[in-house]
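Subject: Model handover, ligand sites

Hi,

Here is the model for your files. Please look it over before reading my notes.

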Amino acid sequence: MHASADEFPRAGRGLLDVSDLRTQFRTPRGVVTAVDGVSLSLQRGRTLGLVGESGCGKSVLSRSIMGLLPPTATRTGEITFQGERLDLLGDDAMRSYWGVQVSMVFQDPMTSLNPVMKIGRQILEPLEVHTDLDKAAARETAVNLLRSVHIPEPERRLKQYPHELSGGMRQRVVIAIALACGPQLVFADEPTTALDVTVQAQILDLLDEQQRERDMAMVLVSHDLGVVAGRTHEIAVMYAGQIVEIAPTTTLFSEVRMPYTEALLKAVPRLENASHSRLQVIGGRPPDLASPPPGCRFAPRCPYAQARCHTEMPPLVEADTPGHFYRCWFPVGTDAGREALERNVAAKVPQAEAAVTGQLTVEAG
Amino acid sequence: MAGTGTAHLRSADDVLLRVEHLVVDFPSAGGQKVSAVADLSLDVAEGETLGLVGESGCGKSTAARAIMQLPAPTSGTVLFEGRELTAMRGEQLRKLRPRLQIVFQDPISSLNPRRRVADIVGAPLKVWKQGNDAERRARVDEALETVGLDPSVARDKRPHEFSGGQCQRISIARALVLEPKVVICDEPVSALDVSVQAQILNLLEDLKQQYGLTLIFITHDLAVVKNVSDRVAVMYLGKLCEVADPDRLYAAPAHPYSAALLSAIPVPDPSVRASASGLVPGDLPSPLAPPSGCRFRTRCPRAEERCALEQPQVREVADGQFVACHFPLVGDVAPPADAEVAEATVS
Amino acid sequence: MPEADDLDLEAAHRGSINPVSTLEPTDTAQVVEHEPLTMRQQRARLGIGGKLAIAWLAFVTLAAVLAPVLPLDDPNQSVTSIVRQGPGTDGHLLGGDALGRDILSRMVWGGRASLLLAFSSVLLGLVVGGMFGLVAGYLRGRTDRVLTVGFDTLLSFPQIILAVTLVTVFASQQGTSTTRRMVVLILSLGVVSIPVLARITRANTLMWSEREFVQAARAMGARTTSIMVREVLPNVLPAMFSIALLGVAVVIVAEGGLSILGVGVLLPTPSWGNVLAEGRADLRAAPHIVLIPTVVIFLTVLSLNYLGDIVRARFDVRESAL
Ligand SMILES: Nc1ncnc2c1ncn2[C@@H]1O[C@H](COP(=O)(O)OP(=O)(O)OP(=O)(O)O)[C@@H](O)[C@H]1O
Ligand SMILES: Nc1ncnc2c1ncn2[C@@H]1O[C@H](COP(=O)(O)OP(=O)(O)O)[C@@H](O)[C@H]1O
Ligand code: SF4
Ligand code: SF4
Ligand SMILES: [Mg+2]
Ligand SMILES: [Mg+2]
């Protein structure tokens, strides 16, 4: 039932190649498949955006690749990083990758820094563990790192505690720590969700700049298509544990194929629209990952859904533009899609009406 | 504001709610005070939606609570339907509460986890002893239906059985059940996923039509505020920067901070690269020691010496566009106001 | 953040301790459902230990309540043949004490006194302390400062000495009745538990009063008392109960201590504490007299603590699920 790696011919050995990754959690309610057959590859110096609603598996995917999963999780599939099979390595072997080759920037800078440890200590620690710099050199590196993330008066900051810095500064420190050992690959899991718009822009610029300077690969996770739009080479849209559309960034926005991506795009208010213009809504909510629908996972909420969608899971297929893959029987912008939508509107299918009018009929609760 | 003044206020007869010179200070350790809201003036006409935007910590929620008298502001007046809320006490104020309701940001925390939905939504009716059990039940059902929840399913559940978006609907139902005049929405969609956010925004728009509601809509998201508002007020560090109708504000912001906010919005369009040029450097200063003169001056690309000395006053720079800035992006440089220099340096 | 531990810790933070960040858009219902079994939830499960604890407490309580109708010997009747005799002698299941009284009977009747004392005094603390704590935590300001000084003053007295003093002054004269002694004991141990419960209630009230539903209730015009009782109290109760259970355990032990000092439940009325206290004289010759009440008290205290933990963990789980 899983459309998977074989149908997703991502050629070439990238810096990172993930193939048919599946992560499951044992829970009291049964097995939750949080990541279900994801394949992707990433080259040095490129940024991949990962978007989707809350709970669709973005964080779990990042953590699965990093090998940072709780004991209740099981992971299958292949993860190749610089030719090395990470999925075969245990925690001890992974330790030499964490922070050195791959690192992570988390959403909330307050919880990702240790509140009782000085900033300096927190930056020096990875340097001392993973490099053979002597004390003075490590300190020098730390100061330079802070400077490179545009923290004013870096020497003084080393002696401060996290709570003495503002949210934006803290996130800069977190980024400095993530970059300390010169990783090849950085996961930024909603690095700006906890920050203000003006600070968010600063932090995104900083990540951008560092990525370019260091020629790293980056995975930028966000629930906001706006955040990833201007700052990624490629975007993967996730829904219910699967990648439902992946394409070079400009292609994705100009040639949306997957109704879910379209819905996400239309649901956000746009500045260029006049005030009081109606937003398109997506009714319902993402499926329970312990028992996802048998066909297309988006079918219960999809304005385009036809009978086939409810029974057969669409495979990930390539669109006209190379590198653009999507998972849909009745893709947006094709005749099949248009007909499907018209049929649903004519039949007064609530999702289709909602998509057209923005009106949502009473929910079951 | 980075500035003060009341030039943007309309005649008291035309507005439903008028807030003048609102000040809220919080005591802080060491005898210092946090200046959370400093001389904020606003007004809202009946049936209008006023959008209040600004970064977190700039005093939006504090202002909202002060308008509701929860708790009462340090100083300033709030006129509601011509009556002065700030002068009212105890029972008098309590009697007015049903006409002025609030919806909070965190949909989960704003519902009592131990009560059932029917109790939560029906509580205001109980407090005001409106109707008998059957009537109350009918009104609760109606309110739930209005916000798009099926009463027969929702009534007997508890909040944790609902998603964030559904909890926000329940909060809205509770705010509506007493048929208020004004509803203050304090970041009602900030904690929600985009798909759910759209539902709530559309819902609020519908309810406004249906009940002739007057809304104060607080948010840090400029795109959202543009979508819902008839008039937008931009705040910075407890003060007002700019008031204008949204289309004008977004087309030609006059205040450097409004412009910075606008250029920082991530646009879901890869061809629009967030321009680094419009960005303001640094973080919000501490409200414990706000900068003198214009509070935005520490981050403002247009700041000059005058900005540190003199607090800008709100003035009209274009038709219906009011700004508190000496050197706005629209209109002329503010005329010197020597008389106020001394006072402004103190504040 | 390269250390695995740090990262895991971070995961734990986001996953269980604070699953609903206000900043993160979350579909909460989903999060709740998919939440893995945390350590806390595991503690919240009854498990075999919890079931044993409940069984033991039920057994002890039932025996105490039913003492008058159980086929027991008179707890004050001396039978010379079982003086200092071990369990099983002459059909006396737990043997006899120094005066030849049936220990089983004295333990069952003693449980009546000990449990009555413990539950009543903690109930007193719960009601009075809970009320003050709720008021202090909700109203804050001056009321809070005054009440907090009160709780702190009460807490700063060495508790046993306070109780001993109260009992000595009010219920140690010649001719003091058993009932009077009991009432004074309940009051004085209750006074001791008031500040503890008041502080727990206050702390929890402070936390819950911050919640926006409390603000919403104020905004709709609800009266202060009704907000405290209807909105805040139900959320604070679980924490109060879990501490109260521990309080019951503490009082049971305290009564033992007071008995040893001669100011426990008035003899000849038995209590677990005074059975133990009397037995001390014969520790060498008849260790079972001390051993039996010790084991009973130990098991009861253990069960109460265990149950208190479970109540709290349940409460925390629900908390974190919100
Ligand atoms: N430790 C775990 N045990 C069980 N289920 C889990 C665990 N961690 C995550 N999940 C589930 O896996 C799914 C994906 O979660 P994930 O955190 O990756 O979502 P996300 O896309 O990052 O969402 P958000 O935007 O809220 O961060 C969710 O349904 C979640 O409840
Ligand atoms: N109860 C309080 N005590 C002290 N300071 C407070 C309190 N509430 C808010 N503040 C401070 O007032 C300022 C404005 O806060 P708030 O109104 O919540 O901002 P916003 O809603 O715009 O994010 C912030 O600096 C905040 O820290
Ligand atoms: S049209 Fe069918 S296959 Fe395509 S997204 Fe909708 S439900 Fe899925
Ligand atoms: S130009 Fe001066 S007055 Fe205007 S916003 Fe900048 S600092 Fe304030
Ligand atoms: Mg996540
Ligand atoms: Mg706020």
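Below are the notes on two ligand sites.

This is a predicted model: local features need pLDDT of at least 70, side-chain atom pairs count only at pLDDT 80 or more, and totals for chains, interfaces and linings use all residues. Residues are numbered from 1 along each chain as its sequence is written, chains are lettered from A and ligands numbered from 1 in the order in which they are written, and side-chain values use heavy atoms, with hydrogens and water left out.

Ligand 2

The shell (residues with a heavy atom within 4 Å) includes B:Phe26, B:Val34, B:Glu55, B:Lys60 and B:Pro287. Strand S2 (33–45) and helix H1 (60–68) of chain B each give at least two shell residues. H1(B) has the largest share, with 3 residues. Both elements are DSSP runs, numbered from the N terminus (helices: H or I, at least four residues; strands: E, at least two).

A backbone N or O atom lies 2.6 Å away for B:Gly57, 2.9 Å for B:Gly59 and 3.3 Å for B:Cys58. On its own, ligand 2 has 560 Å² of accessible area (Shrake-Rupley, 1.4 Å probe), and the protein covers 62% of that.

By class, the shell has 5 nonpolar, 5 polar and 2 charged residues. Here Cys and Pro count as nonpolar, and Gly as polar.

Best wishes

Definitions and conventions
A polar contact is a pair of N or O atoms within 3.5 Å; within protein, one must be able to donate a hydrogen and the other to accept it, and residues adjacent in sequence count only if both atoms are side-chain atoms.
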